[in-house]
Amino acid sequence: MTKDIFVIVEHRRGEVRDITFELLTKGYELSRDRGKLLAVLLGFQNEKIIDKLKPFAETILNIDDERLKEFNAEYYQIVLSNLLQEKKPFITLLGQTAFGIDFAPSLSTAIDLPYSSDCLDLEIENDTVFTERQIYGGKINSRISLAENWGYLVSVRPGSIAPRDVELVAEVVDVSSPIKEDIDYRKFMQYVEAAKGEVDITQSEVVIGIGRGIKEDKNLSMMEDFAKSIGGVLACSRPVVDAGWLTKDRQVGSSGKTVKPKLYIAVGISGAFQHVMGMKGADTIVAINKDPNAPIFTVANYGIVGDLLQVIPKLNEKITELKGA
Amino acid sequence: MNIAVCIKRVPETAEAAVNIDSSEKHIIPDQLVFDINEADNYALEEALLLREKTEGDITLFTVGSKESDEVIKMGLAKGATRGVRITPENLDNLDAYAVAKLLAEQVKEGNFDLILTGCISSDVGNSQVGVTLAELLGIPHATLVIKMGIEDGFATVQRELEGGLLEELKIKLPALFTIQTGINEPRYASILGIKRAAQKELRVIENITAEGMKAEVVKMYYPPVGKMAEILEGGVEEVSGKLCEILKGKGLL
Ligand SMILES: Cc1cc2nc3c(=O)[nH]c(=O)nc-3n(C[C@H](O)[C@H](O)[C@H](O)COP(=O)(O)OP(=O)(O)OC[C@H]3O[C@@H](n4cnc5c(N)ncnc54)[C@H](O)[C@@H]3O)c2cc1C
């Protein structure tokens, strides 16, 4: 019996999301000597998306229905529980994203599929599925095994697999939509755009990211002074926005902005992957953190292990000196 | 309106050293400080804010050890009506599915209009329990909720997508929402609240065994040392000087 790999295509507003190509890369690797790689596409008028996907999968299962125009977990569940139970893929991959988080747990429960979420990698050994996960804020890894079953659901952390071109030419197979009635208990209404702020942090060559480690809002002015003297803009991690210390347009990360400055200095930021996704593209990364085991040091080029309340004023002094000279 | 809030006691690990015990399946909790999971605290606050606008009860549920009473009591002190702690005998090897099943068994008795959980727990971070619970209860859900309003038996919620984009949904109650951090400003318990909490009901469900686990921790290990920053050595004066030199050398100052 062949063991096929399904990848659930993630797309939004007509664009295929990067995670899809990461999953297809992993899916291709897993499907060799086992079965086929199939991309599962739920949407409406999918032609443009199909063109993008063709080189990355062997088959595209295309489910076209006006009610799939925008993502809706309830419609996804109807379509996918039908499809997976009928086709019985060995592994179904999806992204640990706002999309995957919203439908994978209920889908796995509805059709009784073992599910491992937010995985960095997965391996198959003698038909047992093992996943590698990061827990406790990236300080510990764990290896998970999934209970024996005909199929498995695995969600993968964005950015953990480098996408490769696999140069396939997918065959497109239309699958009729099993959705019968309109659903009234969950309706997509509209997208709401992120509010624009006074500065665009993505345009600055030097970005100073501050995190929960600054502890109190009274330390903000010290950080503002520092950003000014080094000629950069102040940005931050999510908890700084949650606390109301800086506005949302300053947030770096998966639910904020992606910055690619020449220099990013992370001050009092632990290095959670949601933050790292937004700044790992910087040319030079410096981390200042009092915890030598903070995961941010695995992302940074240079690190200072120390108390930011002492390091920042000293650094500020030196920079002012240097710039004055 | 009756609201259920599912909360969890977790260790604070951002600033602490985290060590694995000899079984290689658990961490050593001894040196760690525990608190309510960050996102759950926002879920609790959202329930308290709603209750200020409508009549009704707030029931807190947790699956955890006896120590979890701390976070239940804190929630009661902030204004929740009652708490339920579920402590199965095999507490140490539950997966997210088993936790959701334990919760479902208790929550389904309660006739809740709304069930709130955090969107993720900061310890194992599966982001599974809330949505699994919704499926077991047969009610609609939305995850990563960052804004919520209730009117005429429907909730209008905004979910946070990537890049700061939001998605607005209309969902029929009863429903379950997993709450994202930043949706509100969680309050602190008052002294009076803490006194009152001592009189409130805290039901304990014990002598049960969880079943149906599908994911098992084979082992925990420390992340392999891969790429690592060049750590600048020396006192504050020295490291500041070194960093300035490096940045200057790269033309960044
Ligand atoms: C769906 C989702 C989306 C998310 N999106 C984002 C996002 O876009 N951006 C984002 O940033 N996060 C995001 N998060 C949150 C993310 O998971 C982390 O919780 C967050 O990034 C942690 O922020 P932090 O590093 O500032 O805080 P912590 O993790 O609490 O770290 C604080 C750090 O400060 C250090 N520190 C403390 N005191 C000092 C001192 N005196 N001197 C030096 N160092 C000190 C500590 O050692 C620690 O490493 C998201 C989470 C979810 C679930």
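A residue counts as near a molecule when one of its heavy atoms lies within 4 Å of it. With that in hand, let's look at the ligand in this predicted model.

**The ligand and its shell**

The ligand sits between chains A and B. Around it are 30 residues, and the ones that come nearest are Ser237(A), Gln251(A), Ser255(A), Ser270(A) and Asn289(A). Sorted by class, the shell holds 15 polar residues, eight nonpolar ones and seven charged ones. Two helices of chain A, H6 (238-242) and H7 (273-276), each put at least two residues into that shell.

| Residue | Ligand atom | Distance |
|---|---|---|
| Ser270(A) | oxygen | 2.6 Å |
| Asn289(A) | oxygen | 2.7 Å |
| Asp307(A) | nitrogen | 2.8 Å |

So much for individual atoms; now for the cover. On its own the ligand has 990 Å² of accessible area, and the protein covers 90% of that.

**Where the chains meet**

Interface size is often quoted as the accessible area that is lost when the parts come together. For chain B and chain A, the buried area comes to about 7,100 Å², with 57% of it on carbon and sulfur atoms. Chain A brings 86 residues to the contact and chain B brings 79.

What about charges? Eleven salt bridges are counted between chain B and chain A. One of the pairs joined by a salt bridge is Glu15(B) with Lys290(A), where the N to O distance is 3.1 Å.

As a reminder, most peptide bonds are trans, and most residues other than glycine have a negative phi. Chain B has a cis peptide bond running from Leu173(B) to Pro174(B), with omega near 0°. Pro174(B) is found in the loop between S9 and strand S10 (175-179) of chain B.

Over in chain A, the residue to check is Lys88(A): it isn't a glycine, yet its phi is positive, at about 45°. Where is Lys88(A) placed? Look in the loop between helix H3 (73-87) and strand S6 (91-95) of chain A.

Terms used: Residues are numbered from 1 along each chain as its sequence is written. Chains are lettered from A and ligands numbered from 1 in the order in which they are written. This is a predicted model: local features need pLDDT of at least 70, side-chain atom pairs count only at pLDDT 80 or more; totals for chains, interfaces and linings use all residues. Side-chain values use heavy atoms; hydrogens and water are left out. A polar contact is a pair of N or O atoms within 3.5 Å; within protein, one must be able to donate a hydrogen and the other to accept it, and residues adjacent in sequence count only if both atoms are side-chain atoms. Accessible areas come from the Shrake-Rupley method with a 1.4 Å probe; for residues, only the protein chains shown count as cover. Helices (H or I, at least four residues) and strands (E, at least two) are DSSP runs, numbered from the N terminus. Ala, Val, Leu, Ile, Met, Phe, Trp, Tyr, Cys and Pro count as nonpolar, Asp, Glu, Lys and Arg as charged, and the others, Gly among them, as polar. Contact means heavy atoms within 4.5 Å. Buried area is the accessible area (1.4 Å probe) that two parts lose on being put together, summed over both. A salt bridge is a side-chain nitrogen of Lys or Arg within 4 Å of a carboxyl oxygen of Asp or Glu.
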